[in-house]
Amino acid sequence: MKNIETLVFGCSGSIGNEICKNLNKYSTLFLSRNKPKKLKNIHWKKIDLNTDLKSLPKNVSKIFFLSSPYYLKKNMKKKILEKEYIWLKKILKRINFKQIVYFSSSSVYLKKHPVGIVKKKCEKFLKNNKIEILQIWRPFNIIGIFENSLSDHFHNLLIKEFVKRKKLFKEFYGNEGDKRGYSSAKKFSKIVVDYSKKEKSFIMNYGNTNTVTVGQIVNIFLNIFKKKYRKVFTVTFKNNKKNINIINSTKKIKTINSNENSVIVLKNYFSKLI
């Protein structure tokens, strides 16, 4: 493992895959439990962060940390989610580095959200360790093609319920007027890598003020679904009150707006996965 300057923890997810495409593959070691099939001719190593890290280089220049328990309802437990905090502690104890790029979450802005609570704890831990260059990203609704199983985010629940489970009716939490802005993992990852080349610490939001309603998301999905399966389904929502678009209320933290067309981002995603 000579000449390895960068480590990428969690390279098999949608963002991790795209991050890897923008890095020097000769000086980067890509780490995950499953090897990304689409990444060819790379230095990849199977790693389980719950076990020993002795096989990893002790000294590198930069770390990209994307590892976290998968976003599934069954994983929304403190004992599971706090594994991420334990993993970070092990890495900082084992590896010397100048810079870390940490992928936090927009859930830090939600009250008592289980993921947000752990992400805040991880952010605080990294800040207290006086890392020379600490870059923290808080992304909102990033989607891209990946090889893992589907998460429990709303856009994926549509696929799970109506494609995988073949249901014709489903009631979801939330309100059809809730607004969300979607950005592509491809564009986000390129920006992250570009910013990583700047020797500057920061906390940065990344999202999209070009929003769509949850009702619109359902219609985008339904139109693609109908063309392929010649069937329709019905969706209802449990809440009468609309949620605010959080990205518009985080003025204290600098924000990069992707300015992508959320409708096109969703159409591209659904067209490939349905």
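Predicted model: local features only at pLDDT ≥ 70, side-chain atom pairs only at ≥ 80, totals over all residues.
Modeller: Residues are numbered from 1 along each chain as its sequence is written, and side-chain values use heavy atoms, with hydrogens and water left out.

Colleague: Happy with that. Why are α5 and α8 called roughly parallel?

Modeller: Helix α5 (residues 154–164) and helix α8 (residues 262–273) pack at an angle of about 30 degrees, with axes 12 Å apart. Angles under 35 degrees count as roughly parallel, over 145 as roughly antiparallel, 65 to 115 as roughly perpendicular and the rest as oblique. The two helices are therefore roughly parallel to each other. As for the axes, they are lines fitted to C-alpha atoms, for helices over the stretch in contact, with angles from 0 to 180 degrees between N-to-C directions. Helices (H or I, at least four residues) and strands (E, at least two) are DSSP runs, numbered from the N terminus.

Colleague: Which residues of α5 and α8 meet?

Modeller: On the α5 side they are H155, N156, L158 and I159, and on the α8 side L266, Y269, F270 and L273, where contact means heavy atoms within 4.5 Å. By class, that contact has six nonpolar, two polar and no charged residues. Here Ala, Val, Leu, Ile, Met, Phe, Trp, Tyr, Cys and Pro count as nonpolar, Asp, Glu, Lys and Arg as charged, and the others, Gly among them, as polar.

Colleague: What makes α1 oblique to α6?

Modeller: The axes of helix α1 (residues 14–21) and α6 come within 8 Å and cross at roughly 50 degrees. That value makes α1 oblique to α6. In this contact, S14, I15, E18 and I19 of α1 meet residues of α6 including F188, V192 and V193.

Colleague: And how do α3 and α4 pack?

Modeller: Helix α3 (residues 83–94) and helix α4 (residues 114–128) have axes 9 Å apart, at an angle of about 20 degrees, which makes α3 roughly parallel to α4. Their contact divides into six nonpolar, no polar and four charged residues.

Colleague: Last one: why is the pair of F188 and Y206 called tilted?

Modeller: There are 21 aromatic pairs in the structure. Rings of Phe, Tyr and Trp (its six-membered ring) pair if their centres lie within 6.5 Å, and planes under 30 degrees apart count as stacked, over 60 as edge-to-face and the rest as tilted. For F188 and Y206 the centres are 4.7 Å apart and the planes stand at 40 degrees, so the pair is tilted. F188 lies in helix α6 and Y206 in strand β11, so the pair ties together parts that are 18 residues apart in sequence.
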